[in-house]
Amino acid sequence: MMLEVAKAPVGSAAERVEAALRRSIIALEVAPGARLSEQEIAARHGVSRQPVREAFIGLSRTRLVEVLPQRGTVVVKISVARLMQARFVREAIETAVARRACEGFDAAIRRRIDAVLEVQARTAAGGDHAGFQRADALFHAALAEGAGCPLAWEAVQDVKAHLDRACQLTLPDAAAMRPLVDQHRAILAAIDARDADAAAAAMRHHLTEILRALPRIEAEHPDLFG
């Protein structure tokens, strides 16, 4: 349901380092609770320590890391309370997008979504978690664009990062991914039918998937939560 569309590695050195760290944190390649080394990260990216410090500040704004005086920078553990807030914000925005999409939808983007869903179905069948998540993000971004409100998807990005870390734990195999494709198709069918209530309900059901999985993943990975 939820991998973030990564921004292209352009811009300043600090922006490039921040984008790379963000991807690693969301993919759980850097574990919640891990301490980040300025020196190590600077060496890895071929930059001085100043851009790394700026990257840490950027990540702290979205609460993915915490900069602790005299103690360094630590990746924040997954917080159930923050997850619930993030899901609330995302649901409020994306159900509104679904309703707006029923008022009118760009035909070219509608055709593009069919191709995205085909890719997502293939990645689900093949157990390709990373590919599935990329297609998932493209689906939601295209809905907002097709409805004429691309800024809505941009507004979701920061809060979505917290959901994405948990989603890395909820989609272990093809059986877990396939229902999400069906949920996307249900959202799209309601939009095609111009049924705003059904589209909003289908989106709400889709975005509550994480709530159904949360007790299990928290019990299975207590070291990642805090």
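Biologist: Which elements each supply at least two residues of the lining of the largest cavity?

Modeller: That's α4 and α7. Helices here are DSSP runs (H or I, at least four residues), numbered from the N terminus. One heads-up: this is a predicted model, where local features need pLDDT of at least 70, side-chain atom pairs count only at pLDDT 80 or more, and totals for chains, interfaces and linings use all residues. Residues are numbered from 1 along each chain as its sequence is written, and side-chain values use heavy atoms, leaving out hydrogens and water.

Biologist: What makes the space a cavity and not a pocket?

Modeller: On a 1 Å grid over the protein atoms alone, a 1.4 Å probe fits in a cavity but cannot get out, while a pocket is an open set with protein on both sides within 12 Å along at least five of seven lines. The largest cavity has a volume of about 30 Å³, and the count comes to one cavity of 30 Å³ or more.

Biologist: How do you know which residues line the largest cavity?

Modeller: Lining residues have an atom within 4 Å of a point. Here they are K77, I78, S79, R82, L83, H162 and R165.

Biologist: And which residues line the second largest pocket?

Modeller: R61, T62, R63, R82, Q85, A86, V89, D158, V159 and H162. Helix α4 (80-101) and helix α7 (150-167) give two or more residues each, and α4 gives the most, with four. The pocket's volume is about 200 Å³.

Biologist: Why are α5 and α6 called roughly antiparallel to each other?

Modeller: Their axes come within 9 Å and cross at roughly 165°. Angles run from 0 to 180 degrees between N-to-C directions, and anything over 145 counts as roughly antiparallel. So α5 and α6 get that name.

Biologist: What makes the contact between α5 and α6, residue by residue?

Modeller: Contact means heavy atoms within 4.5 Å. Among the residues making it are I109, R112 and I113 of α5, and G131, F132 and A135 of α6. They divide into twelve nonpolar, four polar and three charged. Ala, Val, Leu, Ile, Met, Phe, Trp, Tyr, Cys and Pro count as nonpolar, Asp, Glu, Lys and Arg as charged, and the others, Gly among them, as polar.

Biologist: What about α5 and α8: roughly parallel or antiparallel?

Modeller: Those two pack at about 165°, with axes 8 Å apart, so α5 and α8 are roughly antiparallel to each other. R110 and I113 are among the α5 residues there, and A174 and M177 among those in α8. This contact has nine nonpolar, two polar and five charged residues.

Conventions
Parallel < 35°, antiparallel > 145°, perpendicular 65-115°, else oblique. Points joined across faces, edges and corners; volume = space filled by probe spheres on them.
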